[in-house]
Amino acid sequence: QLPVLLHRQAATPLLRFAAKMDEGRKIWAPDGVHGFVLGTIADLGVDTITVQPLNGQEAIAAPYDSVFPAADDSLDDVDDNCKLMYLNEATLLENVRVRYSKDKIYTCTANILIAVNPYHDMGTLYSSAQVARYKGQSLGTLPPHVFAIADKAYRDVMSLNQSQSIVVSGESGAGKTESTKYIIRYLTEAWGTGAGAIEQRLNEANPVLEAFGNARTLRNHNSSRFGKFVEIHFNGEYKVVGGFVSHYLLEKSRVCTQLRGERNYHIFYQMLAGAPAEMRKKLGFDAVKDFRYVNKEGVIADPLMDDVKAFQIVQKAFEKMGVSESDKMKIYRVVAAVLHLGNIKFASDPNNAKGGSLVDPESRACLERVAELIGLEPSELELALTGRIMTPGKAGGKGTVYRIR
């Protein structure tokens with residue numbers, strides 16, 4: 001009886017599949033290039049099914065658990081994947097692809113929104129008229145939109161009297177940063193107090209965060225190199241009254257080096273390109289090529305970025321956020337100090353038998369410039385760069401600190 005049992009187990013997938021599928025019926029088969037291709041069943045084997053793709057390529061033999069049934073008309077699209085006749089990995093991807101080809105970048109799966117980056121301007125899709133259109137509308141009554149998700153979260157805050165979270169996730173270049181900006185804009189414009197100051201500060205924080213935390217990568221010219229958690233605060237009348245942005249996991253190594261074809265953080269290039277003459281003189285700026293941190297393996301000029309205009313936007317954002325001219329200059333001095341630090345070279349200390357180092361005499365001017373920008377004596381800065389501080393353990397004296405070079 002053992003061979004019979006083995007035969008029945010092997011045939012079970014075939015029998016289960018054959019009950020739904022027969023030769024000539026449309027089916028989705030796995031494909032290494034397109035993910036899945038549409039085809040018809042050519043043969044039903046014991047362990048595999050042979051599919052003849054409709055695009056004319058060679059037949060595909062695949063395991064039963066890697067193929068999926070297809071609807072008769074695969075060119076139709078639905079705004080919610082739950083409405084598909086067959087909901088599986090292949091039909092979901094095909095529905096999103098078909099909608100994307102029709103410039104419909106949003107698709108729902110219940111209360112989950114799938115967004116595909118269009119890589120071009122979407123016209124009036126995010127206009128104030130669209131904000132008014134989605135305000136107070138139940139999810140599903142209008143076409144899928146990031147505004148609909150934001151409105152759903154807001155109405156849940158009111159009805160449940162509990163804080164709500166919107167998770168924006170995706171790979172690099174998927175559009176997380178833009179989606180987050182549209183969510184904040186919708187909440188402040190649709191449900192703000194109308195006073196404008198608080199809403200404006202929340203929205204103007206984005207250009208600053210992007211300047212100091214975003215950079216060009218091989219996949220995305222405006223990639224966020226940090227995690228961000230945004231809180232929108234409401235009062236007892238459920239009007240926007242404030243917000244808080246916390247960040248984490250900043251890619252610090254990018255400051256010192258970047259891959260070929262990438263750039264450092266936007267703010268360095270924006271300041272070097274857009275700072276007025278008086279500020280450039282105070283910060284010791286000349287040209288981008290003079291700074292190693294932005295002129296190594298990476299790209300200096302990005303054709304998709306206008307660094308001069310971007311710096312003007314950052315300047316205005318600081319003003320609208322209430323940052324004073326004095327505080328702005330302090331921030332810029334720190335940024336400039338980082339750039340000058342990258343030009344400091346070190347040499348071995350001939351008087352230190354343990355392998356110590358000192359600032360190369362050719363970099364003395366850079367050292368003095370950095371010290372001036374951050375308000376230190378050059379000797380103090382040199383000691384901090386070439387020495388280290390050690391505190392003894394339990395065996396040592398309490399509170400004793402040693403500086404070693």
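Predicted model: local features only at pLDDT ≥ 70, side-chain atom pairs only at ≥ 80, totals over all residues.
Tyr 248 belongs to strand S11, which runs over residues 240-248. Together with Phe 229 and Leu 249, Tyr 248 forms a nonpolar patch on the surface, and the accessible area of these three residues comes to about 360 Å².

## Salt bridges

The count of salt bridges in the model comes to 21. One of them joins the side chains of Lys 104 and Asp 77, with a distance of 3.5 Å from N to O. This pair links distant parts of the chain, because Lys 104 sits in the loop between helix H2 (89-101) and strand S6 (106-109), whereas Asp 77 sits in the loop between strand S5 (68-69) and H2, and the two residues are 27 residues apart. Are the two partners buried or exposed? Lys 104 is partly exposed, with a relative accessible area of 35%, while Asp 77, with a relative accessible area of 18%, is buried, because its value is under 20%. Both residues also take part in a network of salt bridges, in which Asp 77, Arg 99, Lys 102 and Lys 104 are linked.

Other salt bridges lie inside a helix. Glu 189 forms a salt bridge with Arg 185, and the closest N and O atoms of this pair are 3.3 Å apart. Glu 189 and Arg 185 are four residues apart in helix H5 (residues 176-191), so about one helical turn separates them; Glu 189 itself is partly exposed, at 38% relative accessible area. In helix H9 (residues 277-283), Glu 278 and Lys 282 are likewise four residues apart, which means that they are separated by about one helical turn, and their side chains meet in a salt bridge of 3.7 Å from N to O. Glu 278 is exposed, with a relative accessible area of 58%, whereas Lys 282, at 44%, counts as partly exposed.

## The largest pocket

Rolling a probe the size of a water molecule over the atoms shows where empty space is left. In this model, the largest pocket holds about 1,400 Å³ of space. Its lining is made up of 47 residues, and those nearest its centre are Thr 177, Glu 178, Lys 181, Glu 210 and Asn 222. Two or more lining residues come from each of H5, helix H6 (197-213), strand S9 (223-224), helix H8 (266-274) and helix H10 (307-320).

Which element gives the most to this lining? It is H5, which gives seven residues to the lining of the largest pocket. When the lining residues of the largest pocket are sorted by class, 17 are nonpolar, 17 are polar and 13 are charged.

## The second largest pocket

The second largest pocket contains about 890 Å³ of space, and 30 residues line it, with Ser 165, Ile 166, Phe 229, Val 230 and Glu 231 lying nearest its centre.

Strand S10 gives the most to the lining of the second largest pocket, with eight residues. By class, this lining has 16 nonpolar, eleven polar and three charged residues.

## Enclosed cavities

How many cavities of 30 Å³ or more does the model have? The count comes to two. The largest cavity holds about 50 Å³ of space, and its lining consists of Thr 180, Ile 184, Leu 202, Ala 205, Asn 206, Leu 209, Lys 228, Val 230 and Val 245. H5, H6 and S10 each supply at least two residues of this lining, and H6 gives the largest share, with four residues. Six residues of the lining of the largest cavity are nonpolar, two are polar and one is charged.

The second largest cavity has about 30 Å³ of space. Tyr 134, Gln 137, Ser 138, Leu 139, Gly 140, Thr 141, Leu 142, Pro 143 and Ala 148 line it, and this lining divides into five nonpolar and four polar residues, with no charged residue.

Technical notes: Residues numbered from 1 in each chain as written. Heavy atoms only, no water. Salt bridge = Lys/Arg side-chain N within 4 Å of Asp/Glu carboxyl O. Buried < 20%, exposed > 50% of the residue type's maximum accessible area, 1.4 Å probe, protein only. Patch = residues over 30% accessible without salt bridge, like charges linked within 9 Å, V, L, I, M, F, W, Y side chains within 5 Å. Areas by Shrake-Rupley, 256 points an atom, 1.4 Å probe, with all protein chains shown as cover. 1 Å grid on protein atoms, 1.4 Å probe; cavity = no way out; pocket = protein on both sides within 12 Å on 5 of 7 lines; lining within 4 Å. Points joined across faces, edges and corners; volume = space filled by probe spheres on them. Nonpolar A, V, L, I, M, F, W, Y, C, P; charged D, E, K, R; others polar.
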